[in-house]
Structures are given as C-alpha cells and as structure tokens.
Protein chains: 2
Amino acid sequence: MRTIKNSPLTRKLSNFVALTEVELAVLARLHKRRRTFEAGRDLVHQGQSEQAAYILASGWVCSYKTQTDGSRQIVDFQIPGDFLGLRSVLLHTSDHSIEPIMEIQAIEVVVDDLLEAFAQTPRLATAILWAVSRDEAMVVEHLVNIGRRDAGERMAHFLLELGVRLTQVGMATKMGYTCPLTQYHLADTLGLSAVHVNRVLRQLREKGLLTFQSGQVVFDDYDGLVTLAGFDPTYLDQAGPLLKQ
Amino acid sequence: MRTIKNSPLTRKLSNFVALTEVELAVLARLHKRRRTFEAGRDLVHQGQSEQAAYILASGWVCSYKTQTDGSRQIVDFQIPGDFLGLRSVLLHTSDHSIEPIMEIQAIEVVVDDLLEAFAQTPRLATAILWAVSRDEAMVVEHLVNIGRRDAGERMAHFLLELGVRLTQVGMATKMGYTCPLTQYHLADTLGLSAVHVNRVLRQLREKGLLTFQSGQVVFDDYDGLVTLAGFDPTYLDQAGPLLKQ
C-alpha cells in the first residue's frame, strides 16, 4: 500500500479524487506485472488490435501518428503516472503508435481487471474519466498550438504545459525540469523543422525567458513565458479534488 | 423506454456496449430536463466554472477556443447523441466555448446524477469512457489534419469523418448528408481562409469527388475521397460492441 500511495498515477488522480483506502487497494490490485521496454521500439503500433494498456511507472514515451507519405505528427508525450494505450484498448484498434524515448518501466493492465475495478469502485472510473478528459484537453491545446500560435508561442506553451504536468507527479518545479526530448521530438510535435526549433530556442534564451540545454529546461523568467504563450493552465486542472473522500 | 432506445446517444453507445434493459433505464433517468437553446449564443464560455453537462438531442453545435488576439480555432462539432461540456464539468473550468450553430435541443445532465448512474452500472461508465476516448481520437485526427495534410486532404478527411459519425446516429449514408456548416466554420476548423475553402470545394467538385452545395454534402465518389484523404475510419470504431450483454 505504501508504494501505491506514492505512485505517480495516485499522485495524478489525487488532483481529482481524494482516494479512499479501499480505492487505493483496488488500484494496487491492477498493478500486477511490471515490464521493462527498451527505447525506440513501439509498444503499440498504429492499426494493431488486441493490445494491452499500461501505466507508465518510469521514463518518457511519445505517441504519434504516421501519414502514408511517412511524415510523423507527435500527438503527445506520456510521463510517469500516465496511461499508455488505454484509448486503443477501448477503441478495438490503436489509432496511433507508442514509442519509448528511453528505457521505461510500465505496469501492464488487463482490460478485464480494469472493468472489474470500475464495478467495485465507480469513483475510480470517474477518476480515470477525468484523466482521459485531461488528456483530451491537452490534445486540444496542441491543436490550437499548431493552428493559431507562432513558433515562439508554441514552444513556450508546450514546455510550460510539460512543466505543470511534471510538477503534478513531483518531477518539476517552476525553476524547470530534466527533459529527454531532442530537437526532432520538438519539431514533430510543433510542426516545425529541426533548424527552426533551434532558432526558436536560441531566441527564447536570448530574451532571458528559457534555457533548454544538456537535457535541462530552465525557466529563466516563468511569468514572462506565461505572458508570451498566453498560457492558462486551468485545463490541466490543479484546483484540488472535485470528489472528496 | 421506447424513446431512450431510439435516442442518438443510445445508438452511439450501442457501437461499444450492448446495453441491457437495466442500463437503458438508468440512462433514461438521466434524461430529465430538455432545454432549447437558440443559435449563436454560447452554452458554455471558455473559463466558466460550475456549468452543467448536456446530451445533444437535435441540432449541431460547435466547440472552439479563442486566442487572446481574437482568432478562433474550432476544435470539433457536436451532433445528436454527443455530450456537451462533459469535459468541462470534470475539469472544474471549461477549457473551451460551446455555441449552437442552429436552434438546438439538449438534455441537461446533473453531474451528481451521472456519478450515481456510474455507481449503479459501471458498464455505462465504461461506455462513456469509450465515447470520451473516441472524441479524443477525433481531436487527434484534427491535429494531424492541420499539422500534416494539405488543404484538399483536410477537407476530404473532415467531411468523411462527419459522414461516418452521422451514419452512426442514422443521419447520413455513403451518398451524403445534410450539413449546416458555412465556409467560415470550415475555415476556422481546418486552418484555412474562407476564400481557400471555396477554392478547395470547387476543386473537389471538378474532380468528381464531392459536391457541397445548398447545405447538402454529396459524395460523388466515396472511394476516391477515401483514397485522397488517406481516410482510415477505424478510430471512429464501428466494429461492433466490445462489451456484450
């Protein structure tokens, strides 16, 4: 029980539901098989069916769609506490691919166990519905990012969003965070070229707003970045649990 | 009970869950207050909190985000059977605005009633989790649309997607459907100008693929459109219920 209380998923869901001991026990029973996956090999392929869902325990993962011309759109990154492939399990067939960007550990979740857990504690189902809703709100922001924001605003918005998400699972502060993403990841996420990504990062650094070097994102001027990006973090929902114990 | 069996929401959820009589009865109890909303007035404002959720019974609705510079990105349209504002209820604060594009009828859903319904029938919670997952899959496609597809592919993909969704609630066939969207709606959805929208629609018509005139979308060559758009409808999940009775 100690482990489950400190797990990233519990920390994340606690933003929405004040989980009871019983609910924590149900959640713990889902955590059966911990698996290790190496970097660069897809956990889930676009178009694959009958796959498992996972809860990411450590490491970062990228989810993306490939077009028939081979170009890649990164939809989002998953960090510890996030579900991997939950949507794919519900939708019969995966609409996207999932690739670890480093060696990761993930807990396999059997779908029948998940549905059984929902039956035992409907509040847990609601909490997971919250998590899926928050994931959708992030994809909506990425849509607005590409559709309506310029390159500097996109970059600032994206790195601020990651900061808030990582803070919710104890992996960042308003000073910054460790970030394993390359310029290619950023390019495929933000619809920019790698060269453009480098230029934008240099401009943000020269303006004294942000430094991204040697795998570290440092917020040199957090409030300035928020203003530049028009970043309103309410969609990430940090207002405290809606469902009390 | 007859009404609920034929409601667009039931038809939609039936793609995922073969609902039992008991589950239909629980769903029926959610349908308490039917309200009418006029066109053009926001049901939900971005940034609003403590709002209700709705199930759309008739008419079309558009959900969008406004940027500080006043530009608008339409995230999606809702058609009968879709939830309105469910994400906003779960996330404390609405991350987007919802506007009827014609007079609509919607059933107000009290959040406590919804959570109570989940407690009674966890399968219903799972079905709604499926619906939210499908909504997210659509937003992902819109992200890929803007990030990676050219104007003709975007338009074809978007109108094909609407066709499949409308077919699932009995409002379209592979021949086409009635569509109240204007060129301004299409422009704000696809990241194009209204002039560009007109040009793209003319090109699709001249190629014998699609005619969109006088509020009617006619698929002149459905398979040709699918090929052009690289449209793979598996993310809309029509494979039949995963959860049997």
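Rotate chain A by 180° with 0.0 Å of shift along the axis and it lands on chain B with an RMSD of 0.0 Å (copies are superposed by least squares on the C-alpha atoms of residues with pLDDT of at least 70 in both). The two copies are thus related as by a two-fold rotation axis. Both copies use the same surface, with 98% of the contact residues of chain A recurring in chain B (contact means heavy atoms within 4.5 Å). All of this comes from a predicted model, where local features need pLDDT of at least 70, side-chain atom pairs count only at pLDDT 80 or more, and totals for chains, interfaces and linings use all residues. Residues are numbered from 1 along each chain as its sequence is written, chains are lettered from A and ligands numbered from 1 in the order in which they are written, and side-chain values use heavy atoms, with hydrogens and water left out.

**Where chain A meets chain B**

- Chain A brings 51 residues to the contact and chain B brings 50 residues.
- About 4700 Å² is buried between chain A and chain B, and carbon and sulfur atoms give 70% of that (buried area is the accessible area, with a 1.4 Å probe, that two parts lose on being put together, summed over both).
- Four salt bridges run across the interface of chain A and chain B (a side-chain nitrogen of Lys or Arg within 4 Å of a carboxyl oxygen of Asp or Glu).
- One salt bridge pairs A:Glu141 with B:Lys65, at 2.3 Å from N to O.
- Polar contacts between chain A and chain B come to four residue pairs, both residues at pLDDT 80 or more (a pair of N or O atoms within 3.5 Å; within protein, one must be able to donate a hydrogen and the other to accept it, and residues adjacent in sequence count only if both atoms are side-chain atoms).
- On the side of chain A that touches chain B, two or more residues each come from E4, helix H4 (86-90), helix H5 (111-120), helix H6 (122-148) and helix H8 (183-190) of chain A (DSSP runs numbered from the N terminus: helices are H or I with at least four residues, strands are E with at least two).
- H6(A) gives the most to that side, with 21 residues.

**Inside chain A: two domains**

- Chain A splits into domain 1 (2-122) and domain 2 (136-236) (bounds come from an automatic or database domain assignment).
- Their C-alpha centres lie 23 Å apart.
- Here 17 residues of domain 1 of chain A are in contact with 19 residues of domain 2 of chain A.
- The two domains of chain A bury about 1700 Å² between them, 63% of it from carbon and sulfur atoms.
- A:Trp60, A:Phe77 and A:Ile79 supply 34% of the area that domain 1 of chain A buries against domain 2 of chain A, more than any other three residues.
- Three salt bridges link domain 1 and domain 2 of chain A, and eight residue pairs are in polar contact across their interface, both residues at pLDDT 80 or more.
- Helix H2 (8-13) and E4 of chain A each put at least two residues on the side of domain 1 of chain A that touches domain 2 of chain A, and E4(A) has the largest share, seven residues.

**A closer look at A:Asp76**

- A:Asp76 sits in strand E4 (residues 72-78) of chain A.
- A:Asp76 counts as buried because its relative accessibility is 5% (buried is under 20% relative accessible area, exposed over 50%, partly exposed in between, using a 1.4 Å probe and protein chains only).
- A:Asp76 forms a salt bridge with A:Arg165, with the closest N and O atoms 3.2 Å apart.
- Leaving out residues up to four places away in sequence, A:Asp76 touches A:Val61, A:Cys62, A:Ser63, A:Met138, A:His142 and A:Arg165.
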